[in-house]
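Thanks for making the time this morning.

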Amino acid sequence: MNFAFFLESALDQAGCSQVDFADMLKVDPSSVSKWISGDRRPQIDSINSICKMIAIIQGRKQKRVLIEAFRAIIADLLIGHRWRLHVD
């Protein structure tokens with residue numbers, strides 16, 4: 001499972017649209033669309049916020065969602081997708 005599939009599955013399971021999820025995260029809906037299509041990946045420092053929202057809409061523990069997300073990120077890395085680390 002890669003991150004795009006993880007995110008799409010999480011939203012489908014929660015019955016949450018990409019637009020609604022983007023509103024919750026305060027990001028442009030096109031960003032969520034690009035994450036799901038695999039055209040882009042979110043900044044690595046945004047993963048916690050994304051997982052927190054997924055946990056809330058699915059009624060799950062955030063720690064479990066984070067573990068699943070990072071497994072998906074590791075899968076992305078293993079197949080050569082690049083993730084950018086934003087450092088302030």
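Predicted model: local features only at pLDDT ≥ 70, side-chain atom pairs only at ≥ 80, totals over all residues.

How much space lies in the largest pocket? The answer is about 180 Å³, where a pocket is an open set of points on a 1 Å grid over the protein atoms alone, at which a 1.4 Å probe fits and which has protein on both sides within 12 Å along at least five of seven lines. The points are joined across faces, edges and corners, and the volume is the space filled by probe spheres set on them.

Residues are numbered from 1 along each chain as its sequence is written, and side-chain values use heavy atoms, with hydrogens and water left out.

Back to the pocket: twelve residues line it, and Ser 31, Trp 35, Arg 41, Pro 42 and Gln 43 lie nearest its centre, a lining residue being one with an atom within 4 Å of a point. The elements giving two or more residues to this lining are α3 (29-37) and α4 (47-58); helices here are DSSP runs of H or I with at least four residues, numbered from the N terminus.

Now the packing. The largest nonpolar core has 21 residues, of which Phe 3, Phe 6, Leu 7, Phe 21, Ile 50 and Ile 54 touch the most other members. Each of α1, α2, α3, α4 and α5 (62-78) supplies at least two residues of this core. Such a core is a set of buried Ala, Val, Leu, Ile, Met, Phe, Trp, Tyr and Cys residues joined through side-chain atoms within 4.5 Å, and buried means under 20% relative accessible area, exposed over 50% and partly exposed in between, with a 1.4 Å probe and protein chains only.

Phe 21 has contacts, meaning heavy atoms within 4.5 Å, with Leu 7, Leu 11, Cys 16, Val 32, Ile 50, Met 53, Ile 54 and Ile 57, not counting residues up to four places away in sequence.

Which rings pair, and at what angle? There is one aromatic pair, taking ring centres within 6.5 Å, with planes under 30 degrees apart called stacked, over 60 edge-to-face and the rest tilted. The centres of Phe 3 and Phe 6 are 5.6 Å apart and their planes stand at 40°, so the pair is tilted. Both belong to helix α1 (residues 3-14), where being three residues apart separates them by about one helical turn. Phe 3 is buried at 1% relative accessible area, and Phe 6 is buried at 3%.

From α5, Ala 72, buried at 1%, touches Met 1, Asn 2, Phe 3 and Phe 6, with residues up to four places away in sequence left out. Ile 73, also in helix α5, is buried at 3%, and its C-alpha atom is 9.3 Å from that of Phe 6, although 67 residues separate them along the chain.

Finally, a backbone detail: Lys 26, in the loop between α2 (18-25) and α3, has a positive phi of about 60° although it is not a glycine. Lys 26 is exposed, at 74% relative accessible area.

Key
Phe/Tyr/Trp six-rings, centres within 6.5 Å; stacked < 30°, edge-to-face > 60°.
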